[in-house]
Structures are given as structure tokens and as C-alpha cells.
Amino acid sequence: MTNLNASVKSRGVVLFAFNTDTVNYELIADRARRLITHTLDLPVTIITEMSGSQTNTRLGYAHGTQWFNGDRYRAYELSPYDETLLLDSDYLVLDRALLKILDTTVDYNIMTDNQNFVQTMTGNMGELSLNYVWATAIAFRKTHRSKMLFDLVGRVQNNYRYYSKLYNIRRGNFRNDYAFAIADNIINGYTASPGIPWTMLTVDKTVKALEINNNNIMVREDDAAHVIPKQSLHIMDKVYLQSDAYEEFIEQICKN
Amino acid sequence: MSDINELVEEIKQATDYQINRRILREKTITDLHVAYNNGLFLVKPELIAFLATWPNEELFLEDTYENPIKINRQEFLTQCQQHYQMVMNSWHIQHDELKRIRKV
């Protein structure tokens, strides 16, 4: 017999997409949505309207370009779902691993381990600071503790100069990776909570092509090519993510 | 382009077996995680052996998030065995495929 009083928790994915002078993030997010819908069969909400004027500049990847990364802490209030995967639009969802996190009862879980093809990309925020996290992929459910996390990220963002001094942060510009690491550290009793228990794979070089062949993906860079299993990927090359070649890759994936 | 330059270019473009092998192993570890009774576990031979030999049908095990999770031993053992077999078979197939396309 079906219990009509049983609550059914809603589940979905939230993406942020704020266009800049050089990058059409809405296009990239829409492409990410198609992959997510195909792979996870979950609804996707894309947030395109910023809460206020924001200015930020990338210091590492794509040095010197515009970067509107400031509203991520609003994901808690803006997400229409009880259980949310908050993802960067440059995170290509090609497997269902993140759903396992939503099958647990953790309040939130953030990606902590990251690697490219050569080395680990996990590091600290400064020589005398904490390890940062990768806000590229966060799973959370609407609980008091999760709300505290996001509220605190907002507080860190709005008082970033203070927190960057307090935590001996190496770089001056705002990064969600740092804000979430600080907020997580505070909420968890000044220790880091266990992160998502596997490693994200990041392609941080120029991508010439992605090709799917059965259960393998060929990643072609300028001077190398890698065959990897069909798995989620963090692609930093925004030029590729806006290209027709990427559109064709998505169509190939969604056809299968 | 001279022969040597072409050769260098080809080698650079060739897939690096060791890197691909490592990435495949990482993906396998991701896949070996299984959710059970609101907890998350990495299914390893040690876990399967432990479940197979534990004398009681009900127990508590620490999961990946450092929480004690109530376990129905036989049910979880069966789930772990099936999951382990499926993921390891897949790893084996994909590993063979990598060896087949190995270039350098």
C-alpha cells in the first residue's frame, strides 16, 4: 500500500551562469544542462541573474579576464530542491557517481580532491593556511547545517579582505573554493569535514577535441592525447566549451 | 617538417598508457563506492571478507563519512559482492582495451 503522507524529496541540479565580455556562460550552462538531463535524469535550474554588481578578475587560469563568481552562496535560498547538486557549468556530468552522495544523510559534501593528467591539484590557500576545496561540485540538502554553511560563505565573501588576512590567503581575489573551505572549517569545529570521497579529474590545458568511443573518451590536448573511461570531467578551457566541436560531442553523448 | 619533428609530434600525440591506467584506476575506486542505509561505503575485499565472517546478522559499521551505520549483514554482503564483481569486471575489460590501444 502506498503511504500518501510520505514525503517525496525533490532532487535537482543548480548551475550559475553569468556571461562576461569573453565567455558565454549561459551557452556553456545550457550544454551542461543537456548532459546532466541525459546522464542523471534530474531537473536543472540555471541561475543567470546576479544579485548586484560584481567585479572580479581571474588570476590563475585565463589570467586577467572578467569573472563573475560571487553569488554562489545564494544557491541554498535559490535552489528549488530539497536535495541539490550545485555544479560549475564547466563540469561535464558523464557518470552517475554524485547521486550516491544524495543517497546518504550528509548535510553537505564538497569536492576536495582534484587531479589533472599529471599531478594532484589539491593545495593550500597560502603557505600557512588550510587546504582549499573545489566548489566545482557540491552536494547539499536543505538542513540547518547546510544553511549555516552557505550563510557563512556569504559572510566570507562580503568580508573577504578580513578573512583573507585571517586565513593567510595567498591571493587577493575572491574564490569560492577558498570561501567554502573557510566556512566548512568553521562550521565543522575548525577542522575540515570529509569531502566527496573520490577524486575529480580536471583538464586544465587547451582542449582540441573530446571523442567518445564505446565506454572510453579520448581527450586531445595540444601536445598529448589521453584515453579515459566515461566519467565526469572538469574542463577549464572555456573556448572549447563554446565551440561547435563541444556541441557535437554533447550530441554524440546524448544519442547513446 | 623533418622526419624527427614528425616523430616527436606523433609521440606527443600518442596516448600515455601509464597516465590512462592511473585515471582508470581512480574511476574504478569511484565506482566501488556504494550507498547503503544512508551511509556510503568503499567496497574492498577487506569489507567483503569482514561481512562474510562476522557471526551476527546485525552490526554497525563506520562509513566513509565516519558515521556508524546499521547493517543487515547478509543483505549488505550480497550487495557488496554483486557490486564488487560488476565494477571489477568492468575495470578488467577497460584495462584490456587500454593495453590494446597502447602506443608508448
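The centres of domain 1 and domain 2 of chain A, taken over C-alpha atoms, lie 22 Å apart in this predicted model. The assignment, automatic or from a database, gives residues 11-198 to domain 1 and 202-255 to domain 2 of chain A. Residues are numbered from 1 along each chain as its sequence is written, and chains are lettered from A in the order in which they are written. Local features need pLDDT of at least 70 and side-chain atom pairs count only at pLDDT 80 or more, while totals for chains, interfaces and linings use all residues.

Contact here means that C-beta atoms, placed from the backbone, lie within 7 Å. By this criterion, 23 residues of domain 1 of chain A touch 19 residues of domain 2 of chain A. On the domain 1 side, α1 (25-40) of chain A gives the most, 6 residues. Helices (H or I, at least four residues) and strands (E, at least two) are DSSP runs, numbered from the N terminus.

Between the chains, 25 residues of chain B are in contact with 22 residues of chain A. The largest share of the chain B side, 8 residues, comes from α2(B).

In chain A, β9-β10-β11 form an open antiparallel sheet, where pairing requires at least two DSSP bridges. β9(A) and β10(A) are joined by 6 bridges, and A:Leu210 stands opposite A:Val219 in β10(A).

Notes: Two residues are in contact if their C-beta atoms, placed from the backbone, lie within 7 Å.
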